[in-house]
Amino acid sequence: MTSPQTPGQTVGPFFAFGLEYDGDSALVPPGSPGAIRLHGRVLDGAGEPVPDALLELWQADADGLVVQRSGSLRRDGYTFTGWGRAATDRTGTYSFTTLSPGVTRPGSTQHGDPPFFAITVFARGLLDRLFTRAYLPGHPHDELLASLDEERRATLLARADDHGFVFDIRLQADDQGEGETVFLSHSGTQD
Amino acid sequence: MTTQADISAEIALLAEEYASAGVVETGVRLDYPPYRSSLLRHPTKRPVQVDPEGVEPWSPVFGERDVGPLEADLTIQRGGEPVGERMKVAGRVLDGDGRPVRRQLVEVWQANAAGRYIHQRDQHPAPLDPNFIGMGRCLTDDDGGYEFTTIKPGPYPWRNHHNAWRPAHIHFSLFGTDFTQRLVTQMYFPGDPLFALDPIYQSIVDPRARARLVATYDHDLTEAEWCTGYRWDIVLTGSAATPLEEEE
């Protein structure tokens, strides 16, 4: 039996006091062993920064294992939970401190599944959440990436920088129809 | 200046187009021009369908460490009683197959009884309530049940168009058993006269789908000499996970 699902609605402009909390974007303490930064900007269809977006990050640990540990809302500084939340600032920039995710389910395919950060996007003006993946560079063997043309594929690839990775999210294509981040729906979810 | 009549005409036109198209929609539209802020913030390309991989068939875990039992009562956070109609909001979180979502995080935030949010960008001249913050959390129980005690939020003005008012609502944030079930939405109150005027509510163009966001007054939840009660169940998308997850 399937029940009709409850529709989504925008987070609106005032989510800060409801959803943000101390330590939300620090999955590990900055400067701790293995800590990297995942950061970038959220942009609208005009290429303007979106200063009232919220991103959620869900990822495997450094060994590629799915973490099932509580403590994301009250971090103890030692337990890696794999989940965090970061709002954009007035320049549309978000930033997480986290670990680089390992190759998931090693041995499950010839190359292992390429590591990615699973990301959910919310914003004022965005009526429902969006899902995407930020793939780490250097792992070309992936079914999704292989299915996309080069322009679209590029939107899913994080770029290495001195402290970790950069991943920008563009909610809407430019007037040439380009640059829009690839967003995902999932089989089996009626989405 | 865009008036309510302009926005209402746009809403009516989109509703007519939907009714005559004969294709049932169950969700919210991302591209809904009467909600002006959506114009540059909706994707123009269809989402790419993928099989959930890696972490995606799983959800983060929240537990007693994350959420204290008093966080579900929004009326006791500041020492004094907030002004407004005290009420309970209770219901169940279910997946698309009707199974309860157990021990999972529910977060809410809302305006106070005067329709004012604790946020520096909300500057409309309604009073802040020193005894009300307006955010709460709980974990669902083994039956998927949640319950909050709060006060009824007021409608509040916004700047989508001239004299725009949002119907009273509580924001809800929900997790399922899979990352792919994540949902943020808004709960409304029955019979709100602002429904027809509100482009955010009307961005769900199917009337039955829209009605799923409206709570039901429940006299069995209402407590004598104490508070009124509203019931609202939430259904997430189906879970892609196999029954094996029950062993977790």
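Helices, of at least four residues, and strands, of at least two, are DSSP runs numbered from the N terminus. On this basis, chain A of the predicted model holds three helices and 10 strands. Their order along the sequence is α-β-β-β-β-β-β-α-α-β-β-β-β.

The model scores ipTM 0.95 and pTM 0.95. Chain B has an average pLDDT of 94, and 96% of its residues reach at least 70. Residues 242-248 of chain B fall in a stretch where pLDDT stays under 50. For that stretch the model has two contacts beyond four places in sequence.

The overall dimensions of chain A were examined next. The C-alpha trace spans about 50 × 40 × 40 Å along its principal axes. The radius of gyration of chain A is 17 Å. A compact globule of 191 residues would have a value near 16 Å, so the two agree. Of the 191 residues in chain A, 47% count as buried.

L38(A) gives a local view of chain A. This residue is found in strand β1 (residues 36-43) of chain A. Around L38(A), 29 other C-beta atoms lie within 10 Å. The cut-off for a buried residue is 20 or more, so L38(A) is buried. Leaving aside residues up to four places away in sequence, L38(A) touches F96(A), T98(A), F117(A), G164(A), F165(A) and F167(A). The pair L38(A) and F96(A) is separated by 58 residues in sequence. In space, their C-alpha atoms are 5.1 Å apart.

In chain B, four strands form an open sheet in the order β4-β3-β8-β9, with antiparallel pairing. The edges are taken by β4 (135-139) and β9 of chain B. Each edge strand has a single partner strand, so one side of each is left without a neighbour in the sheet. On average, neighbouring strands of this sheet are turned by 20 degrees against each other, direction ignored. Within the sheet, β3(B) and β4(B) pair in the antiparallel sense over five bridges. V108(B) stands opposite G136(B), which lies in β4(B).

The contact between the two chains takes 67 residues from chain A and 68 residues from chain B. On the side of chain B that touches chain A, two or more residues each come from β1 (48-50), β3 (105-110), β8 (169-174), β9 (183-188) and β12 (234-235) of chain B. Among these elements, β9(B) gives the most, with four residues. By residue class, this side of chain B divides into 33 nonpolar, 20 polar and 15 charged residues.

Strand pairing also crosses between the chains. Strand β10 (residues 184-186) of chain A pairs with β1(B) in the parallel sense, over three bridges. Here S185(A) stands opposite Q49(B) of β1(B). The strand β1(B) is also one of the elements that give two or more residues to the side of chain B that touches chain A.

Notes. Residues are numbered from 1 along each chain as its sequence is written. Chains are lettered from A and ligands numbered from 1 in the order in which they are written. This is a predicted model: local features need pLDDT of at least 70, side-chain atom pairs count only at pLDDT 80 or more; totals for chains, interfaces and linings use all residues. The radius of gyration is taken over C-alpha atoms; the globule rule is 2.2 Å times the number of residues to the power 0.38. A residue is buried if 20 or more other C-beta atoms lie within 10 Å of its own, exposed if 12 or fewer, and partly exposed in between; C-beta atoms are placed from the backbone. Two residues are in contact if their C-beta atoms, placed from the backbone, lie within 7 Å. Ala, Val, Leu, Ile, Met, Phe, Trp, Tyr, Cys and Pro count as nonpolar, Asp, Glu, Lys and Arg as charged, and the others, Gly among them, as polar. Two strands pair if DSSP finds at least two bridges between them. Axes are lines fitted to C-alpha atoms, for helices over the stretch in contact, and angles run from 0 to 180 degrees between N-to-C directions. pLDDT is the predictor's confidence in each residue, from 0 to 100.
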